[in-house]
Amino acid sequence: MKKLDKQLRSNKFDYILDEYLSAVEVQNIFGYDSPNMMYKLRHGESPLTEPHIKHLEYNCNIPSEVFEKRIPFNREDTSNIDSIIKEHYKKLGGQEFIAKNNNHLFYENPKLLQKLTGEWYAHFYASAESRGVYAIKTTIQSDGVIVDENNNRGRLFLGKKQSMIIKESHNSENLVSITFENTQVAFNLFYFSMLSKQNLTNQEMLSFGFLSKKMFTQEETEKILGRKERQQLKIDFEFTQRISEAVQVLRE
């Protein structure tokens, strides 16, 4: 491989890792134990080979076409690379998608993402009967990564009309999903529905709350939310028992 070809591929790879993929996940896909080899690939110290490119296409949906010599590239104008990737995702999903961090699919809506980026406060009732409301500081990063003050981490998924946040609890390792309407985001305060596990009982629960740029007091939050029993729906224990009984029937 000529030196120019090698550097061009590395430059493209470096950009794609910054804008579309997670370097850690690609490192795992390539089978590397340390980030040192990734550094060499990004900076042209080691060649990005055809097997690497095939891995990116098969596992990350980055079309191999972007690495062809005929496709020019520079950091000041990335439209040629971006258009190839977007067109590829459009064919896959039937609409225009872009990839972010290990093949998570996002509907392309830069204005919505920009509006969501920053610090928010999630207000909702605690699952325990003895507790009141929570106001949890939550940061949405420009790459769609979510981190809250309890060190729970997750990711933002942008949909055409609705969007979703999926987080994994730092302590319980359970997932929490938060769904909201895109049209409401512009007001810096919008309601959401949240599916999570109840504290202590570890049973599913549907809750309603709101995200806002401002942190409201407990009294203000309770006034906005209304009565707790109308903002939570906990899974019926008898339903889970019937599921267990049905499973036993299937095994017989």
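Residue numbers start from 1 along each chain as its sequence is written. Since the model is predicted, local features need pLDDT of at least 70 and side-chain atom pairs count only at pLDDT 80 or more, while totals for chains, interfaces and linings use all residues; side-chain values use heavy atoms, with hydrogens and water left out.

**View A. Histidine 123 sits in strand β3.**
Strand β3 covers residues 118-125; strands here are DSSP runs of E with at least two residues, helices are runs of H or I with at least four, and both are numbered from the N terminus. Histidine 123 has 0% relative accessibility, so it counts as buried (under 20% relative accessible area; exposed is over 50%, partly exposed in between, with a 1.4 Å probe and protein chains only). Its side chain reaches the backbone oxygen of tyrosine 121 at 3.1 Å. A polar atom of the histidine 123 side chain also lies 3.0 Å from the backbone nitrogen of phenylalanine 216. Leaving aside residues up to four places away in sequence, the residues that histidine 123 touches include Tyr134, Phe192, Met215 and Leu225 (contact means heavy atoms within 4.5 Å).

**View B. Helices α2 and α4 pack together.**
Here α2 (residues 23-30) meets α4 (residues 50-60) at an angle of about 115°, with axes 10 Å apart. Axes are lines fitted to C-alpha atoms over the stretch in contact, and angles run from 0 to 180 degrees between N-to-C directions. The two helices are therefore roughly perpendicular to each other, a label for angles of 65 to 115 degrees. On the α2 side, look for Val26, Ile29 and Phe30; they meet His52, His55, Leu56, Asn59 and Cys60 in α4.

**View C. Helix α8 and its start.**
Helix α8 runs over residues 237-251, 15 residues in total. From first C-alpha to last it reaches 22 Å, close to the 21 Å expected at 1.5 Å a residue; the expected span is 1.5 Å times one less than the number of residues. At the start of α8, a side-chain oxygen of aspartate 236 comes to within 3.0 Å of the backbone nitrogen of glutamate 238.

**View D. Asparagine 151 and asparagine 188 have positive phi.**
Most residues other than glycine have a negative phi. Asparagine 151 has phi near 70° and belongs to the loop between β5 (145-148) and β6 (153-158). Asparagine 188 has phi near 65°, in the loop between β8 (175-181) and β9 (189-197). Asparagine 151 is partly exposed at 40% relative accessible area, and asparagine 188 is partly exposed at 30%.

Technical notes:
Polar contact = N/O pair within 3.5 Å; in protein donor to acceptor, adjacent residues only side chain to side chain. Parallel < 35°, antiparallel > 145°, perpendicular 65-115°, else oblique.
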